[in-house]
Amino acid sequence: MIGILVPSVRSSGLILSILAGAVAASLVSVVLVVLIPGGSGSIDQALPNTGPLGALISHIVPFVWVGLFAGLGASFWLVSGGRRSPGRAGGAVIGLVVLCMVYPVLASQVSQPIIAIIGNVVTVVCAVLTACACWPCSRLAAVFPALVAIWVSFATAGLIALMLGLPF
């Protein structure tokens with residue numbers, strides 16, 4: 001099944017992989033902002049006590065995720081190498097992409113910050129494991145899942161700050 005997802009080894013395969021990642025992020029953003037009333041599209045209402053940094057972050061989140069998903073597309077291209085079966089690293093990247101697409105849609109309806117923090121920790125662990133799986137195949141491919149781990153860790157720190165009543 002995953003074999004049909006493997007892009008060409010040529011540069012066109014890289015471009016298609018990056019575009020696929022960007023499209024995936026865009027789809028998640030549309031679902032969150034347009035299709036789910038009161039979901040992440042209303043983040044300022046859900047997180048009213050943010051400071052200037054929090055306000056900036058709430059505006060750039062969709063754009064950051066487009067970049068992160070595009071990076072995961074590049075990561076998949078780097079580890080798959082145009083082989084029919086992308087192997088463990090390719091499967092890990094696909095798994096992380098699916099998690100990053102499904103989790104925010106599910107979490108947007110959760111009002112308990114602790115559940116969001118647990119979900120974020122799971123995402124960070126999966127991103128780190130994906131980076132470790134990519135490392136032997138391509139050091140550059142490992143960077144993109146690591147960036148996901150860093151971004152989600154940053155988001156988790158913000159959620160913890162909000163839970164403690166500290167504006168950020």
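Which residues of the largest nonpolar core touch the most other members? In this predicted model, the largest nonpolar core comprises 24 residues, and those that touch the most other members are Trp65, Phe69, Val93, Cys134 and Val148. Two or more residues of this core are given by each of helix 1 (11-35), helix 3 (52-80), helix 4 (87-107), helix 5 (113-134) and helix 6 (139-163), and the largest share, seven residues, comes from helix 3. When residues up to four places away in sequence are left out of the count, Phe69 touches Gly21, Ala22, Ala24 and Ala25, together with Val97, Cys100 and Met101. In soluble globular proteins, nonpolar side chains tend to be buried together.

Nonpolar residues were also identified on the surface, where Ile114, Ile115, Ile118, Val122, Ile160, Met163, Leu164 and Leu166 form a patch whose accessible area amounts to about 740 Å² together. At least two residues of this nonpolar patch are supplied by helix 5 and at least two by helix 6, with helix 5 giving the most, namely four residues. Ile160, one of the patch residues, is placed in helix 6. The relative accessible area of Ile160 is 38%, and because this value lies between the 20% limit for buried residues and the 50% limit for exposed ones, Ile160 is classed as partly exposed.

Conventions. Residues are numbered from 1 along each chain as its sequence is written. This is a predicted model: local features need pLDDT of at least 70, side-chain atom pairs count only at pLDDT 80 or more; totals for chains, interfaces and linings use all residues. Side-chain values use heavy atoms; hydrogens and water are left out. A nonpolar core is a set of buried Ala, Val, Leu, Ile, Met, Phe, Trp, Tyr and Cys residues joined through side-chain atoms within 4.5 Å. Buried means under 20% relative accessible area, exposed over 50%, partly exposed in between (1.4 Å probe, protein chains only). Contact means heavy atoms within 4.5 Å. Patches are made of residues with over 30% relative accessible area and no salt bridge: like charges are joined within 9 Å, nonpolar side chains (Val, Leu, Ile, Met, Phe, Trp, Tyr) within 5 Å. Accessible areas come from the Shrake-Rupley method with a 1.4 Å probe; for residues, only the protein chains shown count as cover. A salt bridge is a side-chain nitrogen of Lys or Arg within 4 Å of a carboxyl oxygen of Asp or Glu.
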